[in-house]
Every structure is written in structure tokens, then in C-alpha cells.
Amino acid sequence: MNSSLIESLKKRRTQYALGKNVSLGKDALTTLIKDAIKHTPSSFNSQSSRAVILFGEQSEKFWSLTKQELSKIVPAEAFAPTAAKLDSFAAGIGTVLFYEDQSVVAGLQEKFALYADNFPVWSEQAGGMAQFAVWLALTEAGLGASLQHYNPVADEATRQEWNVPASWKLRAQMPFGSHEGGFGEKAFMDDEQRFIAVG
């Protein structure tokens, strides 16, 4: 069976070498990212996922703020590799900041008390699916991306810089841009160790 979705899944890879050589404009990319998140499933149709989409200098500013915060906790003699990695993220055309709205989670916990312990877990699952949906959409559009987790280091500076609502909890960051590097071979463990198919 030939599946274009499976082929797209196979093409999606972590790209650290990003550039600005992208033909799609900011409006088209914004729509692509918004649509990917909007149509991602969530428990009870909670739609708890949120995003701040940064382009150009705003994206670079996020990684600069993150660098400033990390410089306070990473020893100076070990900071050069960290700075280089952050600069590689800033070299792309944009960054998606992924959030989960905790007010939505709290509201569902109150309304459906029987499932209260599950809603934070389901929120994380919805967020992960939203992140993957955006990554796949960017892959389909010919862009490279990676998924980063510089939270909670960058949380407060980011909240202040872009007036992010207090109830939004930063969960991940996705720098994206043109592919400026290749990929190595990706190894997979044996199917027998991962899957059980019965019936």
C-alpha cells in the first residue's frame, strides 16, 4: 500500500542546520502552522494547545533571550557549545513556541472531577500531537525543523517580551527554516521488540 502520509513521516527528520532560503512567505507559513494546530485532536475537544509564532528578528530575539538566561546557569568555560547550538536555531526564519493553557486543564478538572488526574496528562498528549502536526506540515512544505525544550529557563523572559498569558505553560520550541545540511542514517530497532499484532 502506498501512503503519502507514511512517506511524509519518513521524510521528517531533526534539522539543526537551518537557513532563511524559504520561498513561502510569513502569511502562508502562519496559516500552515495555525491549521496544523487547529486540526490536531485533543481530549474532550479541549483545544488546550497554544502557540506564539515568531519570525525574523523576533525569532532571533527569543534565542538571544534564551542564551542570556542560560549564561546565568551554564559555566562560562562550557558555554561555547551551548551558544553555538542556540545560534544555529536563530539562523532559521522562525520559531514556534508551543504552550498548553492551564486554565483549560483546570476548567476540565473542575467540570469532570472523575477524570481530574488525567487532564494534565491528556493536555501533554494534545500538545505533543500539535507539535508533531506542525513538524509534519513544515516537512511537507520542504522546511527543516527541530524540537527543543528550553523551558522553564526561557519562560519568564518570553512571557514578558511577548505578553504571553499567565495561564499558558511553555512546553517546547520549534526553530524552522531551510535545510542547510544533510542527514545521517537513522537506525531502527527490530519490529519484534516493539510491536505485537494479533487476530
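Strand 3 is mostly covered, since eight of its eight residues are buried (under 20% relative accessible area, with a 1.4 Å probe and protein chains only). Strands here are DSSP runs of E with at least two residues, and helices are runs of H or I with at least four, numbered from the N terminus. This is a predicted model, in which local features need pLDDT of at least 70 and side-chain atom pairs count only at pLDDT 80 or more, while totals for chains, interfaces and linings use all residues. Residues are numbered from 1 along each chain as its sequence is written, and side-chain values use heavy atoms, leaving out hydrogens and water.

**Strand 3 and its partners**
- In a regular strand the side chains alternate between the two faces of the sheet.
- From strand 3, Gly94, Val96, Phe98 and Glu100 point one way, Thr95, Leu97, Tyr99 and Asp101 point the other way, and all are buried.
- Strand 3 runs antiparallel to strand 2, joined by seven bridges, and antiparallel to strand 5, joined by eight bridges; two strands pair if DSSP finds at least two bridges between them.
- Ile53 stands opposite Val96, and Thr95 has Pro175 in strand 5 as its bridge partner.

- Leaving aside neighbours within four places in sequence, Trp63 is in contact (heavy atoms within 4.5 Å) with residues including Leu86, Thr95 and Pro175.

Definitions and conventions: Buried < 20%, exposed > 50% of the residue type's maximum accessible area, 1.4 Å probe, protein only.
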